[in-house]
Amino acid sequence: MFERNFFIRDDLHISVTRFTEDFTVPYHEHDFIEYCYVAEGTGFHHTEQETLPIHKGLLITIPIGVSHVFRPSTPGQNTKPPVVYNCLFDAELANRISLLHEVQIREHLSSLRSKSFSYFSVFDRHGEIEGIMLKLHREMSMQEIGSQAILYSLVNELIVTVYRLKYGEKNPDHLTNKSTHFQHVLFYLKQNLHQAITLSELSRLSGWSTRHLQRLFHQHTGQSFGSYLLNLRIQKSCDILRNSDLKISLIAENVGYYSIDAFNAAFKKIVGLTPTEYRKYGNIKSLQNYAITELATPSCR
C-alpha cells in the first residue's frame with residue numbers, strides 16, 4: 001500500500017509528480033485518488049484485471065484501493081519509456097471539491113473514493129489535459145504565495161475536463177465524433193508499430209467491433225486494416241533507411257518485424273527494391289531502372 005502520508009503533505013492534500021516509469025516499482029494500491037497523464041513514450045498500464053497499452057495523450061484515473069503499475073514496453077533501450085505526470089489528492093480534498101459541483105460530479109468523486117470500478121482512461125485529443133498537468137506540476141514545484149489556491153483551482157479544472165471527455169454529451173455531429181475517435185486509432189498505430197498489433201486489440205481499445213473497424217479503415221484510408229498497417233510499417237522503415245545508418249535488422253524490429261526475411265519480402269513487395277537497394281539507390285532520381293517503382297510508392301519518397 002502506498003500511503004498518502006508519504007506523498008502528500010497534511011496541510012496541502014495534493015501532490016503532483018513527474019516520473020519516468022521503469023521495472024522497479026511493484027504492483028501497488030494507494031489510499032488517495034490518482035490522475036496519471038502520459039506525456040512521453042510508450043508502454044503498458046497493468047491492473048489485476050487487464051493490461052492497457054499506453055502512449056502520449058492518454059490519461060488514466062485510478063480510484064482509491066486499486067492495485068496497478070506502469071511499465072515500459074521492453075526492458076531494453078529500444079523504446080522510450082513512459083513519462084507520466086501524476087496528480088494525487090486525498091479523500092478530504094475530494095470531499096471539499098464535491099461540494100462545489102453538480103450531482104453528477106459529486107457521484108463521480110464518490111465512486112473514486114469507494115473503489116466502485118478499477119480505472120478509466122480518456123484521450124487528450126486537443127491538449128487540454130496536458131496544459132492543466134503542466135500548470136499543476138509547475139505550481140507544485142514553485143510553492144509560492146497563493147500556490148495552494150491555484151492548485152485547488154487547477155485540480156477542479158482537471159476533474160471537470162476529464163469528466164466531460166469521459167461522460168459528457170457527445171458531438172451532435174455523429175460522423176465528426178466517429179472520425180475523431182478513428183484518428184485516435186490511427187495515432188495509436190503510428191506510435192506502436194514496433195508491437196504485434198492486431199485488429200482484436202484495436203477493437204478492445206476503441207470499443208468498436210472488428211467488422212466495424214474494417215469498414216472504418218476502408219472508409220477513411222481506402223485500405224483494409226492489414227494493408228494500411230503494412231504500408232505504414234514500410235513507410236516508417238523508408239524514413240529510417242533514408243535518415244540513419246541503423247542496421248536493417250534493427251529497422252525491421254522498430255517497425256514490428258522480428259523475421260528479417262519477412263521484412264525483406266514485405267519491403268520488396270511494396271517498394272520494388274530490397275531495403276539494402278533502397279538505402280543505396282532510393283533517392284537517386286536519375287536511375288531510370290527505379291523511376292517507375294518510386295512513382296508507384298509515394299509513401300516512401
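Q: Which ring does the charged end of Arg233 sit over, and how far from its centre?
A: First, a word on the ground rules: this is a predicted model, where local features need pLDDT of at least 70, side-chain atom pairs count only at pLDDT 80 or more, and totals for chains, interfaces and linings use all residues. Residues are numbered from 1 along each chain as its sequence is written, and side-chain values use heavy atoms, with hydrogens and water left out. A charge counts as over a ring if NZ of Lys or CZ of Arg is within 6 Å of the ring centre and within 35 degrees of the ring normal. For Arg233, the ring is that of Tyr257, with the centre at 6.0 Å.

Q: How are the planes of Phe6 and Phe7 arranged?
A: Phe6 is exposed at 70% relative accessible area, while Phe7 is partly exposed at 31%. Their ring centres lie 5.1 Å apart, and with 80° between the planes the pair is edge-to-face.

Q: Where is Lys56, and which residue's side chain makes a polar contact of 2.8 Å with its own?
A: Lys56 falls in the loop between β4 (51-54) and β5 (58-62); strands here are DSSP runs (E, at least two residues) and helices are H or I runs of at least four, numbered from the N terminus. A polar contact is a pair of N or O atoms within 3.5 Å; within protein, one must be able to donate a hydrogen and the other to accept it, and residues adjacent in sequence count only if both atoms are side-chain atoms. The Lys56 side chain reaches the backbone oxygen of Ala39 at 3.4 Å. Its side-chain partner at 2.8 Å is Glu130.

Q: Lys56 and Val38 are 18 residues apart along the chain, so how far apart are their C-alpha atoms?
A: Lys56 touches Val38, among others including Tyr37 and Phe187 (contact means heavy atoms within 4.5 Å). The C-alpha separation is 5.0 Å.

Methods: Phe/Tyr/Trp six-rings, centres within 6.5 Å; stacked < 30°, edge-to-face > 60°. Buried < 20%, exposed > 50% of the residue type's maximum accessible area, 1.4 Å probe, protein only. Lists of a residue's contacts leave out its neighbours within four places in sequence.
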